[in-house]
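Let's take a friendly walk through this structure, looking at how its side chains meet.

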Amino acid sequence: MVEDRHVIETLGKVRVVIENGEITEVGESEMKYCPMFHAMHKVDELNEEFIRKNIQFRIDDFGMCTPERIIEMDDLVTVGISEILKTNMEKGNIDCVVGACDGAGTLLMTNPRVVQGVGGRVSGLVSTTPIPEVIKKLEDRDCIILNPKTAELNQLEGLKIALEKGYKNIAITILPSPMVEEIRKYPVDDDVNVYIFVAHTTGAKAQEVEMLFENADIVTACASKAIDEYADKHKPYYYGVKVPIFCASEEGRRFLDVRLEKINKPLTTNNYPRNKDDAPHKLL
């Protein structure tokens with residue numbers, strides 16, 4: 001059994017395995033074009049060669065899934081989940097983020113630059129194993145690791161720790177799963193607010209997407225066909241053309257607008273039909 005093993009999903013829900021700092025598995029992308037990667041890297045097709053190069057760049061550049069992992073970073077894009085969280089934590093709207101980090105698993109963060117560093121350049125984390133050096137860096141910056149011995153991924157348990165620590169405005173980043181509804185239904189005191197940010201939605205099914213919009217505050221579009229169809233029908237507020245970020249609640253819209261105001265961008269819109277001239281394809 002490999003003791004150092006990290007599984008992520010990225011670039012069209014491609015499964016990538018990294019063991020002992022080496023890429024040992026790269027799946028095939030059903031999504032062939034992503035406007036974000038086209039804009040950043042001028043790539044027209046998400047083939048295995050590009051995916052492998054991109055993951056290797058992340059390993060070399062900021063130590064993803066290795067002991068060299070950099071955990072504090074500046075903004076990567078103008079508007080993403082980590083940028084929204086970072087800005088709202090700086091503004092005092094959020095006092096704790098329950099997130100997930102390669103090499104550490106579920107963790108609680110109170111430092112805005114750590115929130116950005118942990119989440120800004122990593123795709124969907126499916127599983128991970130402990131990296132002591134990464135855990136120490138995080139703990140030195142006042143992060144609380146759910147389970148340093150196993151690097152367990154469990155956002156509901158992370159919420160429970162945040163409540164035990166007395167945090168009142170708790171944001172949770174999570175991938176699509178039934179746990180989103182469990183978190184929303186978890187009992188909290190009247191003076192506690194729990195905000196749910198759902199990312200990596202490519203491949204989510206229609207029924208699951210309905211559940212996400214009923215329970216979350218912000219949902220990223222990624223390359224989800226079901227979210228695309230849901231948005232066209234229900235017309236939620238959003239920001240972005242290539243890969244929109246949708247507001248599933250008024251609180252989600254408030255958080256998004258705080259970020260947009262900081263970077264002097266127009267606020268959320270509900271203009272429909274949306275411009276889909278440069279959208280990911282194919283949608284999954």
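Which side chains meet in a salt bridge at 3.0 Å, N to O? In this predicted model, they are those of Glu90 and Lys262. Glu90 belongs to helix α3 (residues 81-90) and Lys262 to helix α10, so their pairing ties together parts that are 172 residues apart in sequence. Glu90 is partly exposed, with a relative accessible area of 41%, and Lys262 is partly exposed too, at 40%.

Now stay with helix α10. Here Arg253 and Asp257 form a salt bridge, 3.9 Å from N to O. The two sit four residues apart in the helix, about one helical turn. Arg253 is partly exposed at 23% relative accessible area, whereas Asp257 is buried at 11%. Salt bridges with shared partners also join Asp75, Lys86, Glu90, Arg259 and Lys262 into one network. The structure holds 27 salt bridges.

Arg253 has another contact to show you: it lies over the face of Tyr237, 3.6 Å from the ring centre. Likewise, Lys235 lies over the face of Tyr272, at 5.7 Å from the ring centre. Tyr272 is also part of a cluster, linked by ring pairs with Phe213, Tyr230, Tyr238 and Phe246.

Finally, turn to the aromatic pairs, of which there are six. In one of them, the rings of Tyr195 and Phe255 have centres 4.7 Å apart and planes at 85°, so this pair is edge-to-face. Tyr195 lies in strand β9 (residues 193-198) and Phe255 in helix α10 (residues 250-262), so the pair ties together parts 60 residues apart in sequence. Both Tyr195 and Phe255 are buried.

Key. Residues are numbered from 1 along each chain as its sequence is written. This is a predicted model: local features need pLDDT of at least 70, side-chain atom pairs count only at pLDDT 80 or more; totals for chains, interfaces and linings use all residues. Side-chain values use heavy atoms; hydrogens and water are left out. Rings of Phe, Tyr and Trp (its six-membered ring) pair if their centres lie within 6.5 Å; planes under 30 degrees apart count as stacked, over 60 as edge-to-face and the rest as tilted. Buried means under 20% relative accessible area, exposed over 50%, partly exposed in between (1.4 Å probe, protein chains only). A charge sits over a ring if NZ of Lys or CZ of Arg is within 6 Å of the ring centre and within 35 degrees of the ring normal. A salt bridge is a side-chain nitrogen of Lys or Arg within 4 Å of a carboxyl oxygen of Asp or Glu.
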